[in-house]
Amino acid sequence: MIKNFKKNIAPLLLFCITLFPYFTFATVPGDTVGLNPMGSTKTLMELVTKVLDVLIKIGIPLAGLAIAWAGWMFVSANGKEGDVKKAKDALQWTMVGIGVLLGASAIVNVIDNTIKGLK
């Protein structure tokens, strides 16, 4: 019984998954562009730059909240060795995250400017 079920349902499921974007109007038949959520990006560097801009806009406020949380952890530790270490680790990894976020942006800018300089 289960073999027949798998045998009959698998092609139907594959057919439905293949046509699902058409049913949800995620793409229009004959439209080669589709809906681009990133706007009018034409190159990979534009796409990477836009994605990083979005990540920075989200990451900086989150980093501020993480710093405030680490500060709260320091205050609430009351000198307990283990809690102070947790607060230091939280602050340290928040700073590492900020460094990675800003470093990625700097690296993309350097690569972009280098490529533009070669043209």
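Of the 119 residues in the protein chain, 13% count as buried. The model is predicted. Its secondary structure comes to 3 helices and 0 strands. Along the sequence the pattern reads α-α-α. Contacts between residues at least 6 apart in sequence give a further view of the chain: 47% of them join residues at least 24 apart.

Start with H2, which covers residues 44–77. This helix has 34 residues. From its first C-alpha to its last, H2 reaches 47 Å. That is close to the 50 Å expected at 1.5 Å a residue. Which residues of H2 are buried? They are Met45, Leu52, Ile56, Gly59, Ala63, Ala70, Met73 and Ala77. These buried residues of H2 pack against H3.

Next comes the link. Asn78 follows H2 and lies in the loop between H2 and H3. Most residues other than glycine have a negative phi, and most peptide bonds are trans. Asn78 has a positive phi, near 55°, and is a residue other than glycine. Is Asn78 buried or exposed? Its relative accessible area is 65%. Exposed means over 50%, so Asn78 is exposed.

H3 has 38 residues. Its span from first C-alpha to last is 55 Å, close to the 56 Å expected at 1.5 Å a residue. The buried residues here are Ala87, Thr94, Leu101, Ser105, Val108 and Asp112. What covers them includes H2.

Now put the two helices together. Two packed helices are described by the angle between their axes and the distance between the axes. Angles over 145 degrees count as roughly antiparallel. H2 and H3 are therefore roughly antiparallel to each other. The crossing of this pair is left-handed. By class, the contact of H2 with H3 has 24 nonpolar, 4 polar and 4 charged residues.

Two residues of H3 give a closer look at the pair. Take Ser105 in helix H3. What does Ser105 touch, leaving aside residues up to four places away in sequence? It touches Leu52 and Ile56. Both Leu52 and Ile56 are among the buried residues of H2. Ser105 has a relative accessible area of 17%. Buried means under 20%, so Ser105 is buried.

Gly97 also belongs to helix H3. With a relative accessible area of 36%, Gly97 is partly exposed. Its C-alpha atom is separated by 8.8 Å from that of Gly59. Along the chain, Gly97 and Gly59 are 38 residues apart. Gly59 is one of the buried residues of H2.

H2 is followed by Asn78, with its positive phi. H3 then lies roughly antiparallel to H2. The buried residues of H2 pack against H3, and H2 is part of what covers the buried residues of H3.

How values were computed
Residues numbered from 1 in each chain as written. Predicted model: local features only at pLDDT ≥ 70, side-chain atom pairs only at ≥ 80, totals over all residues. Heavy atoms only, no water. Axes fitted to C-alpha atoms, helices over the stretch in contact; angles between N-to-C directions. Helix = DSSP H or I, 4+ residues; strand = E, 2+ residues; numbered from the N terminus. Parallel < 35°, antiparallel > 145°, perpendicular 65-115°, else oblique. Left-handed = near helix turned anticlockwise from the far one by under 90°. Nonpolar A, V, L, I, M, F, W, Y, C, P; charged D, E, K, R; others polar. Buried < 20%, exposed > 50% of the residue type's maximum accessible area, 1.4 Å probe, protein only. Contact = heavy atoms within 4.5 Å. Expected span 1.5 Å × (residues − 1).
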